[in-house]
Amino acid sequence: MVALFMSLIDVSIVNVALPSIQQGLDASQSELQWVLSGYALAFGVGLVAAGRAGDIYGRGALFIAGVAIFTAASIACGFAVDPAMLNIARAFQGIGSGLINPQAVGMIQQHFRGPERGRAFGFFGAAVGASVSVGPVLGGLLINWLGVENGWRWVFFVNIPVGIAAIALAMRWFPKPLINEQSEDPTQAPSVLRDLDPVGAVLLGLAVLAILLPFVEAGAGAWVWASLPIGLVLLAAWLWWERRQKRLGHNPMVDLGIFRVPSFTNGASLVSLYFVGITSVWVLLALYMQNGLGHSALDAGLIGLPSAILSGVAALWGGRQVARFGRRLVIAGLYFALFGLATSMLVVWLQSLGVVSEWWLLLSLSFIGIAQGMVISPNQTLTLADVPLTYAGSSGGIMQTGQRIGTSVGIAVITALSFWVLGSSGWSWAFITGFAAIMVVVVLTLLIAYHDLGRREHTA
């Protein structure tokens with residue numbers, strides 16, 4: 001969980017470090033964009049293939065390899081002498097993170113059962129939810145303590161001791177032998193290396209890359225949107241190939257039959273749509289606090305700290321209660337999110353009138369933190385409950401790929417909407433409009449949750 005948290009926090013911690021990076025390396029706006037885009041693309045492209053590789057070859061070895069790549073890339077980021085070196089190192093960080101995440105999901109599926117699995121996913125959800133909010137706080141603290149010129153380097157150097165400790169403890173604690181600890185198919189000899197489906201891995205990787213590119217590089221020009229239909233064609237080609245592999249008796253990278261498991265399809269759709277909306281909250285908040293009200297990066301991070309703490313607490317509680325309440329727990333979390341979004345819009349409107357302070361957002365955003373904990377980890381448990389262990393890693397990779405695509409699409413669309421309103425109405429209304437769009441997405445997510453609840457009750 002610590003290694004997972006380390007890899008996920010690098011998505012948000014860099015946001016507050018961008019001005020410092022720009023000053024320290026004299027980076028252009030385009031080069032600065034790729035500090036974020038290169039990581040996001042490399043992270044998202046290989047998730048499913050990495051998960052399937054873990055299913056086949058052993059999750060422990062790939063986890064350790066991912067941590068090693070991520071740690072080495074963090075060192076390279078910290079010592080970067082120009083934007084090109086930083087962006088190449090960031091891409092390798094993304095590759096390492098893409099190896100770590102599916103193995104974490106797969107190992108929880110493999111080594112935990114029943115209520116214990118729910119509690120394990122509670123820790124997983126706490127790591128995911130808290131990383132979004134803690135990243136800006138940690139980044140702001142490091143830059144405040146160590147200066148604008150070189151403070152950004154320590155945003156990457158802090159990963160080094162965590163990575164070294166994670167590798168050492170994994171070597172000590174993970175089942176042996178590391179390469180073949182998987183147990184999903186007892187009829188297979190441990191030394192048999194089954195088909196990884198490299199053609200399927202390449203097709204899906206290119207499809208995800210082409211679909212993500214216009215959203216993470218939306219400012220590059222109209223030409224970049226040409227990759228979106230190309231990505232959809234590649235996705236169709238991947239689906240055809242996977243069906244062909246299955247028909248010929250080979251092992252596909254993803255057995256598309258898992259999409260006929262309603263709990264998996266509904267849960268994966270729910271969390272992907274949820275990430276379309278909710279991850280934009282912290283982007284809009286940082287822009288509003290810093291650009292709209294003139295606060296420091298540290299202030300922008302601290303305002304989300306109560307939310308981060310409550311997210312972790314709610315995830316741990318939700319992990320223990322998911323077996324008891326099931327999908328209703330996720331539905332309750334979505335209502336908390338709607339209440340937090342609505343009250344945050346109210347605070348910003350009243351602040352624009354001079355009635356209240358913007359620091360009332362500390363309270364309203366706390367409800368969104370509670371929602372994070374009640375939605376992410378319980379949904380993970382419910383979604384993967386009926387998936388065969390043979391595809392634990394690849395199914396987890398599919399879910400996380402959906403989250404990455406949802407995050408990129410949501411941030412691109414919702415921030416574009418907010419900037420469009422900003423041109424005529426100022427930061428308060430830009431913030432309110434963005435949060436209203438997020439509320440619409442959360443309501444759609446709620447409809448999927450109710451649909452899955454109805455299906456479960458009908459089946460019962």
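Mentor: A helix here is a DSSP run of H or I at least four residues long, numbered from the N terminus. The model is predicted, so local features need pLDDT of at least 70 and side-chain atom pairs pLDDT 80 or more, while totals for chains, interfaces and linings use all residues. Residues are numbered from 1 along each chain as its sequence is written, and side-chain values use heavy atoms, without hydrogens and water.

Trainee: How many cavities of 30 Å³ or more does the structure hold?

Mentor: A cavity is a set of points on a 1 Å grid over the protein atoms alone where a 1.4 Å probe fits but cannot get out. With a threshold of 30 Å³ or more, the number of cavities in the structure is 1.

Trainee: What is the volume of the largest cavity?

Mentor: Volume is the space filled by probe spheres set on the points, which are joined across faces, edges and corners. For the largest cavity, this comes to about 50 Å³.

Trainee: Which helix gives the largest share of the lining of the largest cavity?

Mentor: Lining residues have an atom within 4 Å of a point, and here they are Leu8, Asn101, Phe124, Val128, Phe275, Gln400, Gln403 and Arg404. Two helices, α6 (114-146) and α17 (392-425), each supply at least two of the lining residues. The largest share, 3 residues, comes from α17.

Trainee: How many residues in the lining of the largest cavity are charged?

Mentor: Ala, Val, Leu, Ile, Met, Phe, Trp, Tyr, Cys and Pro count as nonpolar, Asp, Glu, Lys and Arg as charged, and the others, Gly among them, as polar. The lining of the largest cavity has 4 nonpolar and 3 polar residues. The number of charged residues in this lining is 1.

Trainee: What is the volume of the second largest pocket?

Mentor: A pocket is an open set of points with protein on both sides within 12 Å along at least five of seven lines. The second largest pocket has 24 lining residues, and Met1, Phe63, Met107, Trp173 and Phe174 are those nearest its centre. The volume of this pocket is about 640 Å³.

Trainee: Which helix provides the largest share of the lining of the second largest pocket?

Mentor: At least two lining residues come from each of α1 (2-25), α5 (83-111), α6, α8 (159-173) and α14 (305-325). By class, the lining has 20 nonpolar, 1 polar and 3 charged residues. The largest share of this lining is 6 residues, from α8.

Trainee: Is α11 roughly parallel or roughly antiparallel to α17?

Mentor: Axes are lines fitted to C-alpha atoms over the stretch in contact, and angles run from 0 to 180 degrees between N-to-C directions. The axes of α11 (residues 262-278) and α17 come within 6 Å and cross at roughly 30°. Angles under 35 degrees count as roughly parallel and over 145 as roughly antiparallel, so α11 and α17 are roughly parallel.

Trainee: Is α11 roughly parallel or roughly antiparallel to α18?

Mentor: Helix α18 covers residues 427-459, and its axis is 8 Å from that of α11. The two helices pack at an angle of about 165°. That makes the arrangement of α11 and α18 roughly antiparallel.

Trainee: At roughly what angle do the axes of α9 and α10 cross?

Mentor: Helix α9 takes in residues 198-216 and helix α10 residues 227-247, and their axes come within 8 Å. The pair is roughly antiparallel because the crossing angle is roughly 155°.

Trainee: Which residue with a positive phi follows α12?

Mentor: Buried means under 20% relative accessible area, exposed over 50% and partly exposed in between (1.4 Å probe, protein chains only). In α12 (residues 280-292), Ser280, Val281, Trp282, Leu284, Leu285, Leu287, Tyr288 and Met289 are buried. With a phi near 80°, the residue after this helix is Gly294.

Trainee: Is Asp26 buried or exposed?

Mentor: Asp26 sits in the loop between α1 and α2. Although not a glycine, Asp26 has a positive phi of about 55°. Its relative accessible area is 69%, so Asp26 is exposed.

Trainee: How far apart in space are Gln33 and Ile211, C-alpha to C-alpha?

Mentor: Gln33 belongs to helix α2 and is partly exposed because its relative accessibility is 32%. In sequence, 178 residues separate Gln33 from Ile211. Their C-alpha distance is 17 Å.

Trainee: What distance separates the C-alpha atoms of Glu31 and Asp386?

Mentor: Glu31 is in α2 (residues 29-45), and its 31% relative accessibility makes this residue partly exposed. Asp386 is 355 residues from Glu31 along the chain, and their C-alpha atoms are separated by 44 Å.

Conventions. Angles under 35 degrees count as roughly parallel, over 145 as roughly antiparallel, 65 to 115 as roughly perpendicular and the rest as oblique.
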